[in-house]
Amino acid sequence: MRFQLMLLSAIAAAVVSTSASAHRAWLEPSATVLSGDDAVVTVDAAISNTLFHPDHVAMSVDGIKVTGPNGELVDIMNAAKGRYRSVFDVELAQQGTYKIASASGGLRAFWRDEEGSRKMWPGRGQQANESEFSTAVPSDAKDLSVSRGWRRVETFVTVGAPTTEALQPTNEGLELVPVTHPNDLYATETATFKMLIDGEPAVGAEVEVVPGGMRYRNSQEAIKVTANEQGEIEITWPQAGMYFLEASYRDDKAAKPATVRTGGYSATFEVLPL
Amino acid sequence: MRRFWLALLLVTASSTAAAEVNLTVTLPRLNVAEYHAPYVAVWIENDRRQATQVALWYDVALANGEGQEWLKDLRQWWRRGGRSLTMPVDGLSGATKGPGQHTISTQLSDALTSLPAGSYTIMVEAAREVGGREVLRLPIELPLTNASFPVVVEGQNELESIRLHN
């Protein structure tokens with residue numbers, strides 16, 4: 001049972017979470033559109049079933065990186081980890097758009113040993129060191145599957161006018177770049193985003209958008225879209241509120257020794273009323 | 001020389017006509033436990049939603065520009081150019097106003113004279129701390145004629161009415 005959970009979380013990046021029991025990692029900022037010279041945003045970080053209610057486990061803030069409007073990193077402040085959620089502040093000293101993100105990834109291998117039991121490398125919660133791959137993973141193992149993937153969790157906040165410097169892609173894994181600015185979203189309007197896999201259009205990436213406040217309704221009300229030939233998706237926001245976007249991508253164009261390339265991306269967006 | 005007089009004549013003529021344009025914004029008296037004067041923005045949009053700023057009433061006097069923290073609550077205005085301005089703006093920003101009638105003359109005339117003929121909408125947005133938000137739209141055709149006046153648009157909650165008159 002425990003192994004199954006491990007396996008689930010390990011391959012979460014490759015799976016579109018459609019079931020109600022999916023655990024979703026999210027960052028929820030207290031505001032996404034701010035004004036003034038001393039703006040501060042506080043962010044909840046959690047992994048939960050119900051958007052955006054912390055009900056499962058806190059997300060580690062160790063990997064959180066905040067990119068400021070000038071493209072440089074900004075430190076997080078007042079970080080604390082509770083049972084169900086972590087929380088931290090970001091001082092928004094510069095005017096413009098900030099990207100708050102956590103990304104992890106690398107090589108992953110699954111196989112069965114001679115007794116038929118399942119094996120994985122690297123171990124749960126560990127980062128792969130590629131130089132150890134050849135010694136850690138038996139190349140002739142049964143059911144060997146080696147994938148290379150990234151998983152990214154993001155949100156965006158803007159003080160003053162929106163800018164795009166912080167939204168430049170890293171060209172690693174599955175990423176979202178704006179056509180419509182992520183802090184310029186309004187109910188009933190249609191936003192366009194572009195999905196990239198390692199910097200190239202993520203053609204066919206599957207995207208699901210779910211409104212927050214899930215405890216107060218009976219269905220997911222998910223909007224499902226697939227990235228077109230340019231990697232673009234269009235989403236028409238039905239009403240104002242917080243939204244969770246989750247995208248996944250998979251192909252066989254992985255750099256060796258992997259044979260499968262996977263990308264997982266999720267982001268929290270705020271949609272304002274007109 | 002003749003050109004100079006012609007130019008002067010034109011300036012005089014347009015400013016005379018424009019001086020007769022007034023926008024009266026009536027803020028309601030609200031029976032609430034905690035009342036703060038609303039932030040109010042007035043601007044003019046063309047048919048491509050490009051904004052010409054007219055007036056902005058907010059907490060200009062608070063120390064360290066603290067009043068700017070709530071400017072984004074004028075959500076439409078914020079999107080239509082407010083977020084690109086550096087506060088305070090001369091000739092645009094002023095202190096908040098209490099309940100009653102407030103007439104905007106010069107600022108409106110200046111904005112109107114700067115615009116070419118065409119269809120526009122005068123936008124008035126009010127947002128109140130611990131209160132609500134409301135946007136009123138008043139369509140106009142430029143150039144204005146005397147037949148354009150008066151026009152009244154009634155509000156529901158945060159704005160009692162806006163009235164365009166001579």
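How much area do chain A and chain B bury between them? The two chains bury about 1,200 Å², 45% of it on carbon and sulfur atoms. The model is predicted, so local features need pLDDT of at least 70 and side-chain atom pairs count only at pLDDT 80 or more, while totals for chains, interfaces and linings use all residues. Residues are numbered from 1 along each chain as its sequence is written, chains are lettered from A and ligands numbered from 1 in the order in which they are written, and side-chain values use heavy atoms, with hydrogens and water left out.

**View 1. The interface of chain A with chain B.** Here 16 residues of chain A are in contact with 13 residues of chain B; contact means heavy atoms within 4.5 Å. Buried area is the accessible area (1.4 Å probe) that two parts lose on being put together, summed over both. On the chain A side, A:Ser35, A:Tyr186 and A:Leu274 lose the most area to chain B, together 36% of what that side buries.

**View 2. Chain B and its helices and strands.** Chain B holds three helices and nine strands, in the sequence pattern α-β-β-β-α-β-β-α-β-β-β-β. Helices (H or I, at least four residues) and strands (E, at least two) are DSSP runs, numbered from the N terminus. Of the 166 residues in chain B, 42% are buried. Buried means under 20% relative accessible area, exposed over 50%, and partly exposed in between (1.4 Å probe, protein chains only). Among contacts in chain B between residues at least 6 apart in sequence, 68% join residues at least 24 apart.

**View 3. The largest nonpolar core.** A nonpolar core is a set of buried Ala, Val, Leu, Ile, Met, Phe, Trp, Tyr and Cys residues joined through side-chain atoms within 4.5 Å. This one has 28 residues, and B:Leu23, B:Leu108 and B:Ile122 touch the most other members. Elements of chain B that give two or more residues to this core include strand S1 (22-27), helix H3 (106-113) and strand S6 (118-127). Not counting residues up to four places away in sequence, the residues that B:Leu23 touches include B:Val42, B:His102, B:Leu108, B:Ile122 and B:Leu164. A second, separate core of 27 residues includes A:Phe156, A:Leu176, A:Ile197 and A:Trp237.

**View 4. Helix H3 of chain B against strands S1, S5 and S9.** Axes are lines fitted to C-alpha atoms, for helices over the stretch in contact, and angles run from 0 to 180 degrees between N-to-C directions. The buried residues of H3(B) are B:Leu108, B:Ser109, B:Ala111 and B:Leu112. Seen down the helix axis, these residues fall within an arc of 165 degrees, so they line one face of H3(B); the arc is that of the directions from the helix axis to the C-beta atoms.

**View 5. An open four-stranded sheet in chain B.** The strand order is S5-S1-S9-S8, with antiparallel pairing; two strands pair if DSSP finds at least two bridges between them. Strand S5 (100-104) and strand S8 (151-154) are the edge strands, each pairing on one side only. Direction ignored, neighbouring strands of this sheet are turned by 15 degrees against each other on average. Five bridges join S1(B) and S9(B) in the antiparallel sense, and B:Thr26 has B:Ser161 in S9(B) as its bridge partner.

**View 6. Strand S3 of chain A and its partners.** S3(A) (residues 40-48) runs antiparallel to S1(A) (residues 24-29), with six bridges joining the two. Across this pair, A:Trp26 stands opposite A:Ala46 in S3(A). S3(A) also pairs in the antiparallel sense with S8(A) (residues 86-91), over six bridges, where A:Val41 has A:Val90 as its bridge partner. With S4(A) (residues 57-58), S3(A) makes an antiparallel pair of two bridges, and A:Ile47 stands opposite A:Val57.

**View 7. B:Leu142 and B:Ala147.** B:Leu142 is in strand S7 of chain B and counts as buried, at 9% relative accessibility. Not counting residues up to four places away in sequence, B:Leu142 touches B:Leu112, B:Leu115, B:Pro116, B:Ala117, B:Gly118 and B:Tyr120. B:Ala147 is in the loop between S7 and S8 of chain B and is exposed, with a relative accessible area of 74%. The C-alpha atoms of B:Ala147 and B:Val42, 105 residues apart along the chain, are separated by 23 Å.
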